[in-house]
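Subject: Structure handover

Hello,

Here is the structure I promised to pass on. Please open it alongside this email.

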Amino acid sequence: MRASLAFLFVLPLLAETPTPDELAKWRESYTYAPAPFEATEEPVSADEKVIQTRVTFPSPRPGPEEYNNTVVGWLFTPTRETDRGVILCPIWKEKKPSAETTVARLIAKKGFKVLVVAMAYQYERGPTDEHPGQWTMSSDMDRTERVFYQSIQDVSRAGEWLRTKKGVAAEKLGIVGLSLGGAFASIAYCLDPQFKSAVLLLAGGDVATMLWSDNEDLEYVKRELRDYQHYDMEKLRERVRPFDPLTWATTERGGGVFMLNASNDDIVTEAASGALWKAYGEPKRNVATGNHKTVGATLGMLYLDDVVRHLDTHLK
């Protein structure tokens, strides 16, 4: 029944199909051109199972603010030898990568090198007078579009670093995204073939519906879009197409995808998550009982085995 409901929502969610020229232009903006760069790595902590380091490197697509152009990440390396790696894209507006650290450490203990990568304007990449992540997704659509282009290229460079400097095999690199991070992870997975598998946790497509939400964490974005920028849903859906995961998801890439969604999610609704699931050709998907926050709070305890099982299968 849940899958049938998702299907019913797919058609209304889709905006007019982009032209080949539009797709080519957007794809070019996402495409990372490898070039020499220097990364720094500093120790953070270590125990008998996992070593944590802090990693920085220059963004391959710098933006107008210098403080945002150094990418920061945290690498979790298991003490036992492994050639498997994962990039992890974070939740939207955390002050610190707390949930990501928990999930990354747990995945690392299962035999994966996990690099948590801050998206543009997250954590210390953001302006000091704004909440971290406030500019990562906002009512400023031009800036949000730039964020996606920059962040996807940052993720691609992070994947290259894991492969070329940290011993991750070319066929054993995956990507994981939490909540908004799942939108970044989904687009990166679709556009960058170095990623062989994707785990999308509490993520979906149809960015316009998420931004046009009455949820307490998002209603201010809707108000600004509607009252000050004169958007309606049709205009907004058209505007977000370059950075909507639905634009890029294909059934050809669906075989490497695992999705976990919440049954009563008021941020990434059943319509939004079901649309992305359908666009990928209905890959493996679990729908957990709860809302966005309650399921997110139990990811490590209840759903890690599903995540690791999928990564084990696809990153052999």
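Below is what I found, grouped by topic.

This is a predicted model, so to speak of local features I needed pLDDT of at least 70, and side-chain atom pairs count only at pLDDT 80 or more, while totals for chains, interfaces and linings use all residues. Residues are numbered from 1 along each chain as its sequence is written, and side-chain values use heavy atoms, with hydrogens and water left out.

Salt bridges

A salt bridge here is a side-chain nitrogen of Lys or Arg within 4 Å of a carboxyl oxygen of Asp or Glu. Side chains of opposite charge can pair when their charged atoms come close. The count by this rule is 19 salt bridges.

Take Asp47 and Arg105. Their closest N and O atoms are 3.5 Å apart. This pair links distant parts of the chain, 58 residues apart. Asp47 sits in the loop between strand 1 (40-46) and strand 2 (50-58), and Arg105 is in helix 3. Helices (H or I, at least four residues) and strands (E, at least two) are DSSP runs, numbered from the N terminus. Asp47 is partly exposed, at 34% relative accessibility. The classes are: buried, under 20% relative accessible area; exposed, over 50%; partly exposed, in between (1.4 Å probe, protein chains only). The areas come from the Shrake-Rupley method.

Next, Arg237 and Asp206. Their salt bridge has its closest N and O atoms 3.1 Å apart. Arg237 lies in helix 8 (residues 233-239) and Asp206 in the loop between strand 7 and helix 6, so the pair ties together parts that are 31 residues apart in sequence. Both residues, Arg237 and Asp206, are buried.

Then Arg285 and Glu270. Here the closest N and O atoms of the salt bridge are 3.4 Å apart. Arg285 belongs to strand 9 (residues 284-288) and Glu270 to helix 10 (residues 270-279), so the pair ties together parts that are 15 residues apart in sequence. Arg285 is buried, and Glu270 is too.

There is also a network of salt bridges. It links Glu22, Glu238 and Arg241.

Ser273 lies in helix 10. Ser273 is buried, at 0% relative accessibility. Contact means heavy atoms within 4.5 Å. Leaving aside neighbours within four places in sequence, Ser273 contacts Ala203, Gly204, Met259, Asn261, Val268 and Arg285. Ser273 and Asn261 are 12 residues apart along the chain, and their C-alpha atoms are separated by 7.0 Å.

Positive phi

Most residues other than glycine have a negative phi. Leu202 has a positive phi of about 55° although it is not a glycine. Leu202 is buried, at 4% relative accessibility.

Ser179 has a positive phi of about 60°, and it is not a glycine either. Ser179 is in the loop between strand 6 (173-178) and helix 5 (180-191). Ser179 counts as buried, at 15% relative accessibility.

Leu201 touches this area as well. Leu201 lies in strand 7 and is buried, with a relative accessible area of 3%. Beyond neighbours within four places in sequence, its contacts include Ser179, Leu178 and Val307.

Phe112 is found in the loop between helix 3 (98-109) and strand 5 (113-117). Is Phe112 buried or exposed? Phe112 is buried, with a relative accessible area of 0%. Apart from neighbours within four places in sequence, Phe112 is in contact with residues including Phe76, Ile107, Val308 and Leu315.

Arg80 is 32 residues from Phe112 in sequence and 9.6 Å away in space, C-alpha to C-alpha. Arg80 is in the loop between strand 3 (70-78) and strand 4 (85-89). Arg80 is partly exposed, with a relative accessible area of 48%.

Arg80 gathers with Lys49, Lys109 and Lys110 in a patch of positive charge on the surface. Such patches are made of residues with over 30% relative accessible area and no salt bridge, with like charges joined within 9 Å.

Best wishes

Methods: Patches are made of residues with over 30% relative accessible area and no salt bridge: like charges are joined within 9 Å, nonpolar side chains (Val, Leu, Ile, Met, Phe, Trp, Tyr) within 5 Å. Accessible areas come from the Shrake-Rupley method with a 1.4 Å probe; for residues, only the protein chains shown count as cover. Lys and Arg count as positive and Asp and Glu as negative; His and the chain ends are not counted. The place of a charge is taken as NZ of Lys, CZ of Arg, CG of Asp or CD of Glu.
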